Structure formats: C-alpha cells, structure tokens
Amino acid sequence: MFTMKVNENVSVKLLEKEDAKALFTLVDASRKYLREWLPWVDSVEREEDYVPIIETWLKQFSAHNGFQAGVLYKGNLAGMVGFHAIDWSNRKTTIGYWLAENYQGYGIMTVAVKALIDQAFNGYGLNRVEIHCGVGNEKSKAIPERIGMKREGIMRDAEYLYDHFHDCVLYSILSSEWE
Ligand SMILES: CC(C)(COP(=O)(O)OP(=O)(O)OC[C@H]1O[C@@H](n2cnc3c(N)ncnc32)[C@H](O)[C@@H]1OP(=O)(O)O)[C@@H](O)C(=O)NCCC(=O)NCCS
C-alpha cells in the first residue's frame, strides 16, 4: 500500500485493516472535540467498526475514485485526509480532513492538503478542487485560506451535524492557479 512522504515529518499513508486499532484509539481519545465539526464520530463505537470502513476506502482507491489516507506525523498516526470522491465528468473533487486534538498547531494538515491538491492536479489531471468548512470552524477555514484557495460563498444548511444543519463556506482552487 502506498505511503507518500510530504516532508521530513509528515507523510500520507493508505490505511489497511491492521490500522483499525490505531485509528479507533485516535478517534476515541478526541471524540468530543471531533464531534463539534464531523458528522460520523458517533457511528464509530468499537475498533471493529473500522474494518469494513477501511475496506470501503481501499475499494475507493482501487476504483480510481480518489482515496482516504492516514496522516502520519513523525511516524505516528495523527489524523486523516482524503478525497470524498472524484467527479470525472467535471474533473473536480472535494478534500476533507481531521487531526487528533493534540496534533493541532504544527502545520501538519496544511502540508498534507497541499500534497493532495498536487495529486489532484498533477496526478489525476483534475481541473478543480473544493474544500467545504463550517462557517464557524476557524481552524479548518484557515487551511484553504493559507493555501490561497478562493472563497466562493456560503452553502446554506450544507451539512447535518447530529441535531442541526449548519452552513459551510465553499473554497475552491483551479489547476491553472496551482504552481
Ligand atoms: C481543522 C484542523 C485539521 C486544523 O488543524 P490545525 O493544526 O490548525 O491545522 P494545521 O495542521 O495546518 O496547522 C496549522 C496551525 O499550525 C501552525 N503552524 C506551525 N507551523 C506551521 C507551518 N509550517 N505551516 C503552517 N502552519 C503552521 C499555524 O500557525 C496554525 O496554528 P494556529 O491556528 O494556532 O495559527 C483541526 O482543527 C481538526 O481536525 N479539527 C476537527 C475536525 C475538523 O474540523 N475537520 C475539518 C472539517 S471541514
């Protein structure tokens, strides 16, 4: 399975079922914090829950439909980054990400997202990459802003979070804008 070195400390790795324990441990320790912005946290209750999920992710990769990858910091699993799917007709995709609480503040996700944008444009030959962030999710919005993505506007009630809809900011970048 592939591992892509992003810089000296950060790499991105396709997860396998052997990674279920490390992934579950990471999520379980950051549950309350992750739950504020991610809709899937309650659906993962046990380590075993990740086995079929990881299989689905590997199928996505095999189907040439993007991938979901672990983000490693100094060799330890710190979070995940991935393409939701690829819209080949329109040559575009959307990137999603999360980090465990104690891995925030090192610039890990910014470089990981840059690596995925590079893969989208120079690997897959896509034309457009989107990132959707909750309007109040300042740390998440800082990533596309730091990268220089364009803020296109607000998508009203774009995501359901446990008991309420929330608005998201739509960011995008085109291949012609990527160096
Ligand atoms: C969104 C999330 C990944 C952002 O994490 P993050 O650590 O702020 O992002 P990065 O890894 O890119 O690090 C940037 C931070 O590191 C700092 N930093 C240190 N070295 C850096 C470097 N070389 N390059 C960039 N930033 C660096 C930045 O100043 C910034 O810290 P600040 O917010 O205090 O200014 C994280 O908060 C998270 O997972 N939240 C919960 C889930 C979530 O919201 N997911 C997104 C849903 S849309």
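## Salt bridges

A salt bridge here is a side-chain nitrogen of Lys or Arg within 4 Å of a carboxyl oxygen of Asp or Glu. Side chains of opposite charge can pair when their charged atoms come close. A search of the whole structure finds eight such bridges. The model is predicted: local features need pLDDT of at least 70, side-chain atom pairs count only at pLDDT 80 or more, and totals for chains, interfaces and linings use all residues. Residues are numbered from 1 along each chain as its sequence is written, and side-chain values use heavy atoms, with hydrogens and water left out.

Burial is judged by relative accessible area: under 20% is buried, over 50% is exposed, and partly exposed lies in between (1.4 Å probe, protein chains only). One of the bridges joins lysine 13 to aspartate 19, at 2.8 Å from N to O. Lysine 13 counts as buried because its relative accessibility is 18%. Aspartate 19 is buried too, with a relative accessible area of 16%. Another bridge pairs aspartate 42 with arginine 35, and the closest N and O atoms are 2.8 Å apart. Aspartate 42 has a relative accessible area of 36%, so it is partly exposed. Arginine 35 is at 34% and therefore also counts as partly exposed.

## A linked network

Which residues are linked in a network of salt bridges? They are Arg128, Glu130 and Glu152. Within it, glutamate 130 bridges to arginine 128, with the closest N and O atoms 3.0 Å apart. Both glutamate 130 and arginine 128 are buried.

Glutamate 130 can also be placed against isoleucine 143. The two are 13 residues apart in sequence and 12 Å apart in space, C-alpha to C-alpha. Isoleucine 143 lies in helix H5. Helices (H or I, at least four residues) and strands (E, at least two) are DSSP runs, numbered from the N terminus. Isoleucine 143 is at 9% relative accessibility, so it counts as buried.

## The ligand site

The space taken by the ligand is the largest pocket. On a 1 Å grid over the protein atoms alone, a pocket is an open set of points with protein on both sides within 12 Å along at least five of seven lines. A molecule sits in one if more than half of its atoms lie within 2 Å of its grid points.

How many residues surround the ligand? There are 20, and the closest are Leu99, Gln104, Met109, Thr110 and Asn137. Strand E5 (92-99), helix H4 (108-123), strand E6 (128-134) and helix H5 (138-147) each supply at least two shell residues. H5 gives the largest share, four residues.

A polar contact is a pair of N or O atoms within 3.5 Å. Asparagine 137 has a side-chain N or O atom 2.7 Å from a ligand oxygen. Isoleucine 108 uses its backbone: an N or O atom there lies 2.9 Å from an oxygen atom of the ligand. Tyrosine 33 has a polar side-chain atom 3.2 Å from a ligand oxygen. Taken alone, the ligand exposes 940 Å², and the protein buries 71% of that. These areas come from the Shrake-Rupley method with a 1.4 Å probe.

## Loops with positive phi

Lysine 74 has a phi near 50 degrees, a positive value in a residue other than glycine. Lysine 74 sits in the loop between strand E3 (68-73) and strand E4 (76-87). At 55% relative accessibility, it counts as exposed.

Arginine 91 also has a positive phi, of about 50 degrees, although it is not a glycine. Its loop runs between E4 and E5. Arginine 91 is at 44% relative accessibility and so counts as partly exposed.

## Around helix H3

Aspartate 49 is found in the loop between helix H2 (31-35) and H3. Is aspartate 49 buried or exposed? Its relative accessible area is 16%, so aspartate 49 is buried. Its side chain reaches the backbone nitrogen of arginine 46 at 2.9 Å.

Isoleucine 53 lies within helix H3 (residues 50-62). At 26% relative accessibility, isoleucine 53 counts as partly exposed. Isoleucine 53 and lysine 17 are 36 residues apart in sequence, and their C-alpha atoms are 9.0 Å apart in space.

Notes. A residue is near a molecule or strand if one of its heavy atoms lies within 4 Å of it. A polar contact is a pair of N or O atoms within 3.5 Å; within protein, one must be able to donate a hydrogen and the other to accept it, and residues adjacent in sequence count only if both atoms are side-chain atoms. On a 1 Å grid over the protein atoms alone, a cavity is a set of points where a 1.4 Å probe fits but cannot get out, and a pocket is an open set with protein on both sides within 12 Å along at least five of seven lines; lining residues have an atom within 4 Å of a point.
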